[in-house]
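Here is a short tour for anyone opening this model for the first time. Have a look at the sequence and the structure, then read on.

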Amino acid sequence: MISDIVAIIRDYWLLLLIGQYPNGPLGGLAATLMLSVLAIAFAFPVSIALALARLSKSPFLNWPVTALVYFTRGVPLLMLILWGYFLVPLVTGANVPAFLTMLVTLVVYQGAFLSEVVRGGIVALGHGQMEAARALGHSYLGAMRYVILPQALYNVIPSIISVFVATIKDTTLGYVINVPDLTFAASQINNQLLTQPFQVFFILAAVYYVICWSLSRVAVLTERRITRRRAGTAPQPTAKSLKLAALTDQPS
Amino acid sequence: MNTTVPSNNSPMIQLKGVRKSYGLYEVLKGIDAEVARGEVVVICGPSGSGKSTLIRTVNRLEEIGSGSIVCDGNNIHQPMPARELNLLRSRIGFVFQSFNLFPHLSAIDNIAISPIRVKGVPREAAYAKATQLLERVGLADKAHAYPGQLSGGQQQRVAIARALAMEPPVMLFDEPTSALDPEMVGEVLAVMKGLAADGMTMMCVTHEMGFARDVADRVWFIDQGQIIESAPPDEFFSRPQTTRAQRFLSDLRH
Amino acid sequence: MTSFDLSEILGNPEYVSMLVLGIEMTFIVAIGSWLLAMTLALLLLGLRYAPGPAGNAFVTAYVSYHRNVPTLVQLMLWYFGIFTLMPEGLTFWLNDHNAEATFAVIGLGLCQAAYFSEDLRSGMRAVSPGQMEAARALGHGYVSAMRYVMLPQGVRNALPALINHSVSLFKNSSLAVAIGVAELTYAVKEIENLSFRTFESYLLVTVLYLVFSLMIMAGGAYIARKADPMRSGRA
């Protein structure tokens, strides 16, 4: 069994790493990581805008974003990917690579999730900070920019890393629209070998495990660091903070 | 009691028929009062009497239902662009019960950020001023400490310095010592006394009757949303006119 | 493009029966794996508090694996991998008894158990240690203090997280399509293939998912409100 696994890695490591590249699109682990990094990089600014819109008193900003958040919380990502596969080419009018469709879908999905994290971070600061800033004459956006967001975003760094891990795990669903990622590469190998499915999917699971575990560790260590920097004022987890944690820490 | 010479005859703060309700509950039932320039007014009254709400309406942290509030010649509650309100607010110092220092900024950054970002004061000037203010509240050595590393009394002194950095002609204090351990109350009151001695116009909600006796020019007693007594502290403490004030004072003593 | 017309799907008994079967299977997978997950989660929580380091180490490893490997990969490993390593008799039996759905329930249930058990554990940790001390001071034994003082509060604290994760479990039942379970997502792809009504079929199934998820959220919120001693007035 172990020798099988070693043999598969020896024969197929390049395919697992970069897919068919340069004879085809970039695939494998490289595509998985690129997709995840790009998704979170675009989702982050989107999430701040969504969070501010959701906190706004204007129903025109608040309402659509609330609807979007509930939509993404209530509909499986798989359905959203199918929607993306159907809609993105309609909007762009061109033959869009699956990678791009997946990226757009992930930005919308994780942007909405992340916006709840950011909003939670802002709300957790309480009214006092905003009031103090406004009493000193800061405008609403100025107070957000210089007082609220620096604290809120710093406090939610661990959750942002968790969302990043979730994004990496979510990229596996690209499989249904043939995004050439790591999972896709593994099933290609499985189709070629036919006789060793356990070994192939074991390798696949192991690679994801190493990456996601490491990042989760980073999140935990960052959280400890942040707690320490709060100079011993680490609050006990409350029902509210637990609810927030459950939001970012989703199986996928 | 300190005597001050008003620099100008118009009052610093003028409240006219101020009313405010939360739903059916009327918190402020028509407040008419004035604070002269350089005057120190202490507002006291039982909890739930509306004194915190009143002081928060003065810089429009709370909206009012009807009436008007004029502060330093500006009608605070008239409709105005957000930018103008921000500017007005920066000219009214406000000190909170819970300090509300910005925990991600060091003491000196807490003081300097608003002059820089709101008033556009150059960086060096803002920090020079901040250093000076920290000295004034006796915390020059804590300039680079974060709020989490300071005691409650120290945090409140930084918060006072932060408000002073905007160079307001008037300072509002909303129970500035209520969240403090008893041994820290004195250091904050000392800073406030210093301010009063320098001629600052002050409006202060507090339960510290000693402070009221020593520093205030006038005491307003509020009950059920109305100012029912307004008198110099000597008079108020020795000869309260209303039974409600008498009961309040006797409850304090016991 | 033809114009929007839901009756193309809802008026066709064949499609409707596919939808109903899909909903049925989605619920079988979701409820089955929820029950498995909750049972395992309680066992895992018990192991956490068991004396000795072995139980805790096992649960840590269990949780770590199930949280750091994508659920889809876990399902694939079960269905394409572990299934083939099973003894022949068991394989035959499973093939006769909807092996796909069985593995979906096992895979999703085992994965979700990790999340549920962590929710419960955080809920327990959010109970002030003073509660345990107070119970012990009143003469409760460890087990009795756990049973009557700590657990009720811990579960209550964990409720919002458990509800969130129940919703995500329901959503994740759609992953079963990847191992060939004929649930709702499978049904939508079939209907789309047969009817060429992509927009209508996606819309219909999306709304169905959304409605069911919102129902779980609302039901959960109702339970959480009922369980909140501050609101129900039995302090």
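This is a predicted model: local features need pLDDT of at least 70, side-chain atom pairs count only at pLDDT 80 or more; totals for chains, interfaces and linings use all residues.

## A threonine tucked away

Is Thr105(A) buried or exposed? Its relative accessible area is 6%, and the cut-off for a buried residue is under 20%, so Thr105(A) counts as buried. To find Thr105(A), go to helix 5 of chain A.

What does Thr105(A) touch, once its neighbours within four places in sequence are left aside? The contacts are Leu77(A), Leu80(A), Ile81(A) and Gly84(A). Tyr85(A) is another handy landmark: 20 residues separate Tyr85(A) from Thr105(A) in sequence, and their C-alpha atoms are 8.9 Å apart in space. The side chain of Thr105(A) also has a polar atom 2.7 Å from the backbone oxygen of Thr101(A).

## Where chain A meets chain C

Now zoom out to the chains. Of the 2 pairs of chains in contact, A and C are the pair that shares the most contacts. Chain A puts 42 residues into this contact, and chain C puts in 52.

The size of an interface is often given as the accessible area lost when the parts come together. For chains A and C the buried area comes to about 4,200 Å², and carbon and sulfur atoms give 73% of it. How many salt bridges does the rule find across this interface? The count between chain A and chain C is 0, while 10 residue pairs are in polar contact, both residues being at pLDDT 80 or more. On the chain A side, the elements giving two or more residues are helix 3 (59-74), helix 4 (77-92), helix 5 (98-124), helix 10 (197-229) and helix 11 (239-248). Helix 10 of chain A gives the most, with 11 residues. Sorted by type, this side of chain A has 30 nonpolar, 8 polar and 4 charged residues.

## Where chain A meets chain B

Chain A also touches chain B, with 18 residues of chain A in contact with 24 residues of chain B. Together the two chains bury about 1,800 Å², with 58% of that area on carbon and sulfur atoms.

Which residues form the salt bridge here? Arg56(B) pairs with Glu131(A), and their closest N and O atoms are 2.4 Å apart. The count between chain A and chain B is 1 salt bridge, along with 8 residue pairs in polar contact, both at pLDDT 80 or more. From chain A, helix 6 (127-135) and helix 7 (140-155) are the elements that give two or more residues to the side touching chain B. Helix 6 of chain A gives the most, with 7 residues. This side of chain A divides into 8 nonpolar, 6 polar and 4 charged residues.

And what about chains B and C? They do not touch, and their nearest C-alpha atoms are 22 Å apart.

## A closer look at chain C

Chain C has 11 helices and 0 strands. Its C-alpha trace spans about 75 × 50 × 25 Å along the principal axes.

Of the 235 residues in chain C, 49% are buried. Among contacts in chain C with a separation of 6 or more, 75% link residues 24 or more positions apart. As for its surface, chain C exposes about 11,100 Å², and carbon and sulfur atoms supply 66% of that.

Terms used. Residues are numbered from 1 along each chain as its sequence is written. Chains are lettered from A and ligands numbered from 1 in the order in which they are written. Side-chain values use heavy atoms; hydrogens and water are left out. Contact means heavy atoms within 4.5 Å. Buried area is the accessible area (1.4 Å probe) that two parts lose on being put together, summed over both. A salt bridge is a side-chain nitrogen of Lys or Arg within 4 Å of a carboxyl oxygen of Asp or Glu. A polar contact is a pair of N or O atoms within 3.5 Å; within protein, one must be able to donate a hydrogen and the other to accept it, and residues adjacent in sequence count only if both atoms are side-chain atoms. Helices (H or I, at least four residues) and strands (E, at least two) are DSSP runs, numbered from the N terminus. Ala, Val, Leu, Ile, Met, Phe, Trp, Tyr, Cys and Pro count as nonpolar, Asp, Glu, Lys and Arg as charged, and the others, Gly among them, as polar. Buried means under 20% relative accessible area, exposed over 50%, partly exposed in between (1.4 Å probe, protein chains only). Accessible areas come from the Shrake-Rupley method with a 1.4 Å probe; for residues, only the protein chains shown count as cover.
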